[in-house]
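Here is a colleague's note to read alongside the sequence and the 3D view. Please keep both open while going through the points.

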Amino acid sequence: MGTYSRWFLPIFLLILAVSAVRYHTLLTTETAQADARYRGEARQLNLYLANTVLPLSVRTDGASVQQVLRTALPLNRNLAAIAWHGGGARIEVLADSQPGPAPGEQVPAWFARLAGMRPIHNRLQVSLPGGSDGVLELQYTPDLPLLQVWQAVRQQAMLSAFNIALILVLLGLLLASHRKLLARLAQAIERLRGGDFTVRMAAGATPEAQHLSRAFNGMVGDVGEMLTSLQASRQQLGAQLTETVHMQQVLQKMSWQNYHDVLTGLPNRAALAARFEQELFLARERQRLMAVCLFDLDHFQAINDRYGAEAGDDLLKQVAGRLHEFTGKSHYAARLGGDEFVLLLCGQASVDSIEQQLQVLMRELSLPYQCDQQAVQLTASAGIAVYAGKDMNAESLLRHADHAVYQAKLTGRNQYHFFDSHLDEEVRTHHNQRTEVRHALINGELRLHYQPKVNMRTGAVVGMEALLRWQHAQRGLLAPAQFLPLVEQTDLIIDIGEWVLRQALWQMQRWGAVGRQWVVSVNIAARHFQQPDFVLRLKTILGEFPGVRASMLEIEILESSALHDVEHVRRIIRACQALGITFALDDFGTGYSSMSYLKRLPANIIKIDQSFVHNMLNDRDDLHLVRAVIGLARSFQLTVIAEGVESIAHGERLIELGCDLAQGYGIARPMPADAVPDWANNYVAPPQWRAAKYTEDQI
């Protein structure tokens with residue numbers, strides 16, 4: 001009996017430990033997902049309101065602004081209050097108070113503190129016509145996301161509590177049955193110790209002998225009943241043992257799920273943490289190297305969007321299978337979550353050995369995958385941090401590997417990068433700068449300035465180019481070259497690009513209302529332009545501004561943007577042109593321009609790079625390049641426009657070469673939108689340009 005009692009406490013503690021790990025992981029995952037949705041939805045509403053309140057704020061009718069703010073409240077159930085400060089007035093709208101939650105739906109204060117979700121208070125600076133500013137304040141509360149996390153965790157906890165109680169009851173019954181069985185077996189042994197015989201007396205036996213015979217045979221009958229009872233107990237014991245085996249299997253499954261990724265079967269983050277410390281200890285003891293390799297799949301979200309989440313999950317399983325096959329018994333692979341995987345290369349003799357194995361694995365990971373009954377190309381970027389006996393922990397090594405992954409993606413993806421401690425500070429600085437740019441977008445610090453485009457021969461203003469600026473609180477007005485390179489390889493460039501499109505279309509709508517029908521060109525970054533849903537998103541944005549015809553929008557892309565996948569870019573351009581949008585190749589001549597390149601890309605306009613225009617009067621090579629670009633444009637029947645016209649002489653020479661359209665400081669510098677109408681009313685082209693003539697022999 002003591003043996004069985006000793007089983008009870010360890011099993012009970014095991015159940016509690018497994019449950020604690022499981023619910024810590026569940027709480028972390030649910031809270032992270034809810035907080036990401038909470039903050040993402042707030043950011044989306046901020047951007048929407050900044051582009052909606054801005055056109056209304058120029059009116060003096062405060063009731064219109066108040067109505068817009070009130071209609072925005074239902075768009076986000078976490079939005080508690082909106083306040084608008086502008087034009088000397090303050091307009092505040094509060095969300096309607098909701099009835100309090102039922103007692104079973106209240107989030108305990110201790111749980112709210114544990115989850116760590118905080119209210120969001122955003123202030124968006126909005127520039128108004130006339131040079132004044134307005135401020136849009138938005139207050140979000142995480143009550144609803146917290147309630148959702150609490151309900152999810154509580155539901156799982158109640159289910160687990162029921163299961164634990166059931167298991168404990170079964171254990172109790174099993175132990176009690178074992179005690180009864182042992183007692184009955186002991187009694188049977190004592191009663192059977194003297195033999196098991198039935199006594200039959202001969203005829204004529206004395207009454208005393210017959211009485212003794214009957215008493216003895218009665219005792220034998222009792223033994224038979226006892227044996228029958230023991231047989232039944234044996235069957236009951238077999239059923240209980242079967243139930244015990246089933247219970248052990250359930251416990252094993254619970255334990256497995258707490259330390260493995262359910263989708264791929266690889267160890268998860270919790271299992272990696274334990275194995276990581278073990279391998280670090282062995283590496284120190286044996287004085288061997290260990291490599292921490294972090295893998296991030298390239299453009300996985302695009303494949304997920306195209307083929308669906310189920311196909312994406314299947315691809316993750318295939319990647320996990322290749323990693324598992326590569327690890328064998330020597331190494332260790334785990335899935336961190338999403339499309340991130342970790343590989344520990346253990347017991348390595350040198351960095352060269354690590355690199356050779358990585359090359360083999362990278363080739364394996366880049367082989368085609370099967371997705372929806374067709375072959376799909378998928379690659380990965382890898383960051384490697386090498387442990388060489390220094391005083392470092394697992395967290396630091398993973399952080400270094402993460403920095404190295406970022407460097408691998410910056411340098412072209414589908415490759416690996418070893419962490420360089422000398423670059424660590426630079427990487428952290430860039431991360432902080434990218435965060436600052438994101439805050440500039442959210443807080444309304446970005447601006448659009450417009451540079452006119454003119455027909456030099458006729459003096460007509462033919463359009464504007466929208467140019468991004470950052471009104472930095474300490475550094476003043478910053479040009480895009482001072483901050484866009486920090487984010488052009490991140491998804492933040494997509495958010496900025498969509499903001500620019502909305503601002504430009506809104507300004508076109510204002511100009512159009514007063515009879516200024518100017519085509520406005522917008523620069524789109526390569527990462528943004530090559531998104532699978534670019535055309536769909538563009539149609540949605542155009543639909544927000546019904547007063548602007550799509551033909552009034554011109555998109556500029558760098559010619560180098562198309563080099564990665566010319567056919568893909570060609571399809572996007574064709575789809576946009578079907579909407580009426582025109583396309584220009586910016587900085588033409590600086591990349592790999594060729595006649596075949598122009599033939600494959602159906603652009604409408606070529607822009608001659610300003611570096612060639614600037615030096616064409618003094619450098620014959622640049623003059624020949626300008627002449628060649630104009631000739632190519634004429635051959636392909638494309639419009640050509642020159643950037644960087646800084647003097648009357650530049651304009652004269654371009655007209656003589658056959659280029660009439662231009663922009664540059666010699667015509668006008670980029671200016672705020674409010675300054676454009678006055679400039680256009682007063683602009684007069686130099687008489688030298690009207691007198692300049694194009695002649696065939698100039699080409």
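Among contacts in the protein chain between residues at least 6 apart in sequence, what percentage join residues at least 24 apart?

1. The answer is 70% for this chain, counting contacts between residues at least 6 apart in sequence. Please keep in mind throughout that this is a predicted model. The protein chain has 699 residues, of which 43% are buried, and its secondary structure comes to 21 helices and 21 strands.

2. Helix α8 covers residues 309-327, which is 19 residues, and from its first C-alpha to its last it reaches 27 Å, close to the 27 Å expected at 1.5 Å a residue. Its buried residues are Ala311, Gly312, Leu315, Leu316, Val319, Ala320, Arg322, Leu323 and Thr327, and what covers them includes the strands β5, β6, β7 and β8 as well as the helices α7 and α9. Just after α8 comes glycine 328, with a positive phi of about 60 degrees.

3. Most residues other than glycine have a negative phi. Histidine 299, however, has a positive phi near 55 degrees, and its place is in the loop between β5 (289-297) and α7 (300-307). Because its relative accessibility is 49%, histidine 299 counts as partly exposed.

4. Glutamine 637 also has a positive phi, near 55 degrees, in a residue other than glycine, and it is found in the loop between α18 (620-635) and β19 (639-642). Is this residue buried or exposed? With a relative accessibility of 75%, glutamine 637 counts as exposed, because the cut-off for that word is over 50%.

5. The last point concerns a pair of helices, α14 (residues 534-543) and α15 (residues 566-579), whose axes come within 10 Å and cross at roughly 20 degrees. Angles under 35 degrees count as roughly parallel, and α14 and α15 are therefore roughly parallel to each other. Their crossing is right-handed. On the α14 side the contact is made by Phe534, Val535, Leu538, Lys539 and Leu542, while α15 contributes Ile572, Ala575, Cys576 and Leu579. Sorted by type, the residues of this contact divide into eight nonpolar, no polar and one charged.

Note on methods: Residues numbered from 1 in each chain as written. Predicted model: local features only at pLDDT ≥ 70, side-chain atom pairs only at ≥ 80, totals over all residues. Heavy atoms only, no water. Axes fitted to C-alpha atoms, helices over the stretch in contact; angles between N-to-C directions. Helix = DSSP H or I, 4+ residues; strand = E, 2+ residues; numbered from the N terminus. Parallel < 35°, antiparallel > 145°, perpendicular 65-115°, else oblique. Left-handed = near helix turned anticlockwise from the far one by under 90°. Contact = heavy atoms within 4.5 Å. Nonpolar A, V, L, I, M, F, W, Y, C, P; charged D, E, K, R; others polar. Buried < 20%, exposed > 50% of the residue type's maximum accessible area, 1.4 Å probe, protein only. Expected span 1.5 Å × (residues − 1).
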